[in-house]
Amino acid sequence: MWPLDPSQKEVLRFAVSCRILTLTLQALFNVIVPDHHADAFSPPRLAPSGSVDQLVEGSAHSIPEPLVQLAVDKGYRIPGENEPPWCSWELPLIYSYIQDVYWNVGLLRYYELKQVPNFLLATPVTVLVMWATWTYVTTHPRLCLTLGLQRCKDSKTLEKSHPGFLSPQVFVYLVHAAVLLLFGGLCMHVQVLTRFLGSSTPIVYWFPAHLLQNEEPLLRSVDIVPEENTPPGIKAPRNCIMKLLYNWKACSPVTRCILGYFLTYWLLGLLLHCNFLPWT
C-alpha cells in the first residue's frame, strides 16, 4: 500500500473509528429496542385451514373472504379485476403508476397539514442548502447570472481570493444541489430530502465545514501534534471535530447547531431506522 501523509492517516483513522462506533451502537440499539415488524414487509397469512392453492391466481373463489377484504381495503389488485391502466400505455412504466396511484407522488401533492412533522424533519438540510446558495450567489453575483459561461480576465485572481467553498469551481455543484432541493421539495416525499441530498451532493458537507472555519474561533489556531513515523520537521494536524466536542461550552452558536444536528441525526437514525421505526 502506498504511504499516506499524516493528514490522510488522521482522516482514515477518524472514518474507521466512526464506522466501528456506528456498528457497535446499531448492535446495542437492536438489543435494547425490540424489533418492530413493518406491515409493508409482512405478507398476508392464510387461515389455519388454508393452503397455498388459495393464493394462486384463477382460484379466487378459494381465497378466504377476510383476506380478500383486506386486499381491497389496502388497495391491492385481486384476481378477476380488469388489468391496470399502465398495461395499455405506449411505454408501460409500472413505477410511475405506483408513484402516482399508491404513493401520491407529484407536484405539491405532499403539501398537507398532516405532513408537517415530515417537513420539520427536512427543515435543517433545506435551510443548509438554501443558506449555502444565498452565500454563494451574494459572493459571486456575476458568475451566477452568467451561469459561469462568461470568463473574467481576472478569473485566476478571483479563484485565489475565494478559496474553498467560495471558489468558482464549486458553482456547478451548487447549481446541482439547488436543483435537487427544488425538485425534492416540490415533487417528492420531503422526509427523504436529507438522505436524498446527503447522498447526491457534497454541498451538504462542504458548507458546514465552511461555516465552521469562518465562525468558530477555536479552529483559527488548530493545534498540531507530532505523529509517529513522521519525517522530521513535519507535524500532523489534530482532529478538529474532537477538539470542538471537547470544548463544547466554548464553541460558537453556529458550531453547536451544526454539530448538534449531525450528531443527533446520526444517533436517532441508528436507534430508529435499524428497528423499523419511522425514519428516513
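I looked up Y97 and found it buried, at 11% relative accessibility. Buried means under 20% relative accessible area, exposed over 50%, and partly exposed in between, with a 1.4 Å probe and protein chains only. The model is predicted: local features need pLDDT of at least 70, side-chain atom pairs count only at pLDDT 80 or more, and totals for chains, interfaces and linings use all residues. Residues are numbered from 1 along each chain as its sequence is written, and side-chain values use heavy atoms, with hydrogens and water left out.

**Rings**

I listed the aromatic pairs and got 11 in the structure. One of them joins W89 and Y97, edge-to-face, at 6.1 Å centre to centre with 75° between the planes. Rings of Phe, Tyr and Trp (its six-membered ring) pair if their centres lie within 6.5 Å; planes under 30 degrees apart are stacked, over 60 edge-to-face, and the rest tilted. W89 is partly exposed, because its relative accessible area is 37%. I also noted a cluster of W131, Y136, F165, F171 and F207, linked by ring pairs.

**Surface patch**

I94 sits in helix α3, residues 94-101. Helices (H or I, at least four residues) and strands (E, at least two) are DSSP runs, numbered from the N terminus. I94 counts as partly exposed because its relative accessibility is 42%. With Y95, V101, Y102 and W103, I94 makes a nonpolar surface patch of about 510 Å². Patch residues have over 30% relative accessible area and no salt bridge; like charges are joined within 9 Å, nonpolar side chains (Val, Leu, Ile, Met, Phe, Trp, Tyr) within 5 Å. A salt bridge is a side-chain nitrogen of Lys or Arg within 4 Å of a carboxyl oxygen of Asp or Glu.

**T126**

I then went to T126, in helix α4, residues 116-139. T126 is buried, because its relative accessible area is 18%. A polar atom of the T126 side chain lies 2.7 Å from the backbone oxygen of A122. Leaving aside neighbours within four places in sequence, I found T126 in contact (heavy atoms within 4.5 Å) with L181 and L193.

**Whole chain**

I recorded 11 helices and two strands in the protein chain. Along the sequence the pattern reads α-α-α-α-α-α-α-α-α-β-β-α-α. Of the 280 residues, 26% count as buried. Among contacts with a separation of 6 or more, 59% come from residues 24 or more positions apart. The chain exposes about 19,500 Å², and carbon and sulfur atoms supply 65% of it. Accessible areas come from the Shrake-Rupley method with a 1.4 Å probe; for residues, only the protein chains shown count as cover.

Notes. Polar contact = N/O pair within 3.5 Å; in protein donor to acceptor, adjacent residues only side chain to side chain.
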